[in-house]
Amino acid sequence: MLKEPTSETAPIVKKRVSDPLPVQVVLIGVMLLFFIGFIFLPLGLVFAQAFQKGWLFYLESITESYALEAIKLTLTTVAIVVPLNAFFGVTAAWAITKFNFAGKAALKTLLDLPFAVSPVIAGLIFVLLVGSRTPFGSWLGEHGIKIIFSTPGIVIATLFVTFPFVVRELIPLMEAQGRDEEEAALTLGARGWQIVGKITLPNISLGLLYGMILCGARSIGEFGAVSVVSGHIRGQTNTVPLHVEILYSEYNFAASFAVASILVFLALLTVTLKVAMEKQFQKNSFHH
Amino acid sequence: MGIELQNITKKFTGYTALDNISLNVASGELVALLGPSGCGKTTLLRIIAGLELPDSGKIILENKDTTNLPPREKNVGFVFQHYALFRRLTVFENVAFGLKVLPRKERPSRTEICDRVEHLLKMVQMEWALKRYPSQLSGGQRQRIALARALAVNPKVLLLDEPFSALDAKVRQELRRWLRKLHDEIHVTSIFVTHDQEEALELADRIVVINKGRIEQQGTPQEVYDHPKNAFVYNFLGNVNVFHGRIKNGKVSLGTHHVDAPDDLKHTEEKPSQAFVRPHEIGISKIRSNETDLTGTIREVRLMGGQIGLNLACEGFDHPIDAEIPRELYINLELAKGDTVFVSLNRVKVFTGDYVI
Amino acid sequence: MELFQTKRRNILPGFGLSMGYTLFYLSAIVIVPLSMIFLNTLPMGWEPFIHAVTAPRVLASYRLSFSTAFFAALFDAVAGLLTAWVLVRYRFPGKQFLDALVDLPFALPTAVAGICFATLYSPVGWLGETLTKWNITIINSATGIVIALVFIGFPFVVRTIQPVLEEVEQEIEEAAHCLGATRWQTFRRILLPHLFPALLTGSTLAFARGIGEYGSVIFIAGNLPMKTEIAPLMIMSKLDQFDYAGASAVALVLLLISFSMLLALNAIQEWQQKEYR
């Protein structure tokens with residue numbers, strides 16, 4: 001989470017009361033063991049397995065037509081979900097942080113909901129809502145609109161799972177920034193959109209970007225919810241994670257891990273971006 | 001442009017911030033709203049600006065009822081306590097902001113905007129900061145930019161919300177003087193909010209003392225200081241010594257001593273009273289000059305720059321009395337802790353109101 | 001707009017629009033879909049509902065999900081506390097790198113984690129091979145599930161404890177040291193209680209996440225009914241059979257538990273704020 005430091009805090013270099021050296025060595029050692037067992041080994045495994053049949057096979061696996069279709073579907077989903085949730089995030093954060101009203105706490109809790117819902121349930125609710133066996137769903141089907149077992153279903157389920165990311169990033173940020181600048185702009189004669197566009201958005205740009213990256217990463221990787229709504233039809237309704245699953249279930253391990261390695265690259269990229277942005281944010285804020 | 005406030009009332013959950021406030025500000029005046037924290041003065045200022053809406057009452061700017069108008073249409077400049085500069089915009093863009101958001105028809109050309117911004121920055125002595133960002137400026141500098149920004153759109157009224165309270169003492173003093181000079185140059189009707197009575201006394205043409213949502217007194221600094229209407233005003237505008245006693249038969253008891261009651265209270269029935277004396281209106285001498293003089297012993301001596309503060313234990317009084325004398329007098333009289341001196345209380349002010357310290 | 005303005009205490013524009021859109025979006029994406037769970041279970045009637053959620057296979061899946069999530073959260077509590085401690089307090093080369101990697105389980109798609117651990121611990125896997133020699137089978141067992149959940153829940157604990165640990169005032173520890181406390185005593189008596197709410201919050205988050213986890217678990221679990229079938233999979237299989245009511249019923253129970261944990265978390269956080277003001 002990006003934090004907005006108060007205006008009084010400057011970077012203080014803290015010297016800590018430290019533990020005796022042997023204790024440090026042991027603790028660091030244990031932590032390293034944990035990291036090796038739970039992070040490095042799995043990471044290494046992905047690449048080892050992906051390349052076990054050689055470079056050529058690797059490239060073939062990720063450029064094979066079903067894989068490409070899966071990548072296309074995943075990218076399409078992200079391209080729809082992230083802007084939609086970003087827009088929602090800014091709007092909701094604006095409503096919550098720039099105004100006083102009753103029920104704010106309840107609304108904020110509502111925003112945390114997807115974190116408490118299992119991905120499978122996230123998929124289930126949309127099947128129950130617009131699945132072909134439901135009244136609403138069959139009505140849509142008569143009009144040629146298919147949601148479940150098709151791209152719209154995947155998009156909607158992903159929307160549900162990922163919508164908190166942007167708004168949860170923006171709310172603390174905007175609360176820390178307060179309303180003064182917007183009020184100042186108001187007294188200077190700016191209208192609503194001018195205030196949002198010229199003042200608020202630039203102020204939250206980093207937080208917004210950060211939230212969008214988190215949202216995007218999660219959208220790419222979502223599995224459980226998409227699994228329920230997608231129908232697993234190769235070349236049509238498989239996202240990249242689902243494609244990985246299919247390959248794995250066919251014992252085509254090398255191909256499965258090859259495709260998975262794309263996701264691992266993206267995950268590592270996300271993590272790096274996160275760190276870079278947090279650093280940038282710290283740098284920006286310490287001037288205030 | 002004259003401002004008229006009629007019967008402004010504002011309530012928040014649980015308490016009344018403003019209770020039926022009516023106030024007139026003449027065109028070109030520099031008025032201070034003075035009062036303790038929570039007295040409602042900032043709320044009043046924000047209501048005038050249009051940043052809050054009153055529950056009832058009217059705000060009339062230049063004969064136009066602007067009570068329910070959005071800030072945009074009130075043509076009021078507002079300077080915030082914490083500057084509220086747009087952190088992502090340069091100084092130039094900050095000051096130019098009000099001009100740039102004008103509707104197409106009214107918007108000046110780019111060169112006109114440039115000229116105006118440079119003119120304003122020169123006025124606040126910050127033309128060198130054109131391309132800087134707020135984060136690169138000190139507090140005093142930021143506040144001057146904030147002022148320039150507010151003035152850019154030629155507001156009819158300038159409102160300042162505790163503009164200097166976030167600054168160091170020295171910067172505060174400098175900016176105080178500077179603001180007064182600026183006001184004398186441009187003569188915009190200005191209202192500023194402060195809890196610092198020194199600031200109000202030094203800056204304002206007229207002071208409005210507010211307490212708990214009500215106006216206690218308004219007048220020139222001289223009037224309010226020398227002729228406070230009640231105990232609250234008296235106490236708020238400077239240091240005091242308080243003497244609780246009773247008024248009876250035209251005489252006020254101060255400890256075991258009595259002084260004549262002021263004319264307007266000479267014939268009142270017996271009731272509790274409070275008498276106030278300011279520390280610097282207490283005479284200290286080594287010889288008795290008057291029958292009514294008290295004897296006192298110096299308990300503590302405090303160095304306060306050009307003045308010396310004496311904490312005196314006086315006969316007949318339960319509590320010590322604080323006096324302030326010029327440094328030269330202290331040296332000339334060769335006073336020291338433990339000395340006995342004669343104390344005369346000049347200009348005692350007596351109130352019988354409800355306000356109790 | 002005028003209506004809202006006269007009642008609003010804040011004069012910034014756009015309340016009606018932004019609030020309206022927010023509520024619309026939330027209704028369409030969250031509230032209405034979630035309510036389908038209730039709408040599909042209510043017509044069931046009390047008896048069939050109880051029957052559905054207490055069927056042996058369902059109960060077994062609940063037991064499995066909860067117990068594995070619990071142990072994983074416990075393990076994460078210890079590992080997370082240790083990691084947060086090392087990352088905040090020690091300085092060594094590569095620390096920033098490891099700190100960044102803590103977020104990997106967040107960012108990695110669950111399916112990838114799933115196939116990773118399944119392969120790692122399979123009888124021919126890097127770790128599985130050695131373990132099989134010692135007659136330990138991870139795959140197709142509850143232990144495998146716990147391992148996967150440990151991976152998933154790890155960042156929750158670390159990231160919740162880190163800020164709290166970073167803000168501990170050094171003076172407190174120095175004062176304890178001056179009063180003669182050993183490092184361990186300082187840790188146990190002063191720091192641990194201070195960290196406890198954050199530890200609890202992080203572990204609860206990991207636990208809640210673990211109950212509903214699907215992708216990272218199904219590969220390693222083997223999904224044997226009554227043995228290694230997790231609750232979410234239970235829901236899946238009911239869906240496959242078009243038993244919407246049954247799926248909803250099982251889901252409802254999970255939801256209620258998750259929501260009450262969310263509420264408990266909020267309560268913990270409020271308690272934490274009161275205690276340490």
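In this predicted model, helices α3(B) and α4(B) lie oblique to each other, because their packing angle is about 125°, and angles of 65 to 115 degrees count as roughly perpendicular while those over 145 count as roughly antiparallel. Their axes are 10 Å apart. The crossing of α3(B) past α4(B) is right-handed.

Each helix brings its own residues to this contact. From α3(B) come B:F92, B:V95, B:A96, B:L99 and B:K100. From α4(B) come B:I113, B:R116, B:V117, B:L120 and B:L121. Eight of the contact residues are nonpolar, two are charged and none is polar.

Now the sheet. Four strands of chain B form an open sheet in the order β2-β1-β4-β5, with antiparallel pairing. Its edge strands are β2(B) and β5(B), and each pairs on one side only. Strands β4(B) and β5(B) run antiparallel and are joined by two bridges. One bridge partner of B:L61 is named: B:K64, in β5(B). Helix α1(B) packs on this sheet and touches β1(B), β2(B) and β4(B). The direction of α1(B) makes about 120° with that of β1(B).

| Element | Residues |
|---|---|
| Strand β1(B) | 3–12 |
| Strand β2(B) | 15–25 |
| Helix α1(B) | 41–49 |
| Strand β4(B) | 56–61 |
| Strand β5(B) | 64–65 |
| Helix α3(B) | 91–100 |
| Helix α4(B) | 110–123 |

Chain B as a whole has ten helices and 20 strands. Its C-alpha trace spans about 80 × 45 × 35 Å along the principal axes. Of the 357 residues in chain B, 39% are buried. Among contacts between residues at least 6 apart in sequence, 65% join residues at least 24 apart.

Terms used
Residues numbered from 1 in each chain as written. Chains lettered and ligands numbered in written order. Predicted model: local features only at pLDDT ≥ 70, side-chain atom pairs only at ≥ 80, totals over all residues. Buried ≥ 20, exposed ≤ 12 C-beta atoms within 10 Å, placed from the backbone. Contact = placed C-beta atoms within 7 Å. Pairing = 2+ DSSP bridges. Axes fitted to C-alpha atoms, helices over the stretch in contact; angles between N-to-C directions. Parallel < 35°, antiparallel > 145°, perpendicular 65-115°, else oblique. Left-handed = near helix turned anticlockwise from the far one by under 90°. Nonpolar A, V, L, I, M, F, W, Y, C, P; charged D, E, K, R; others polar.
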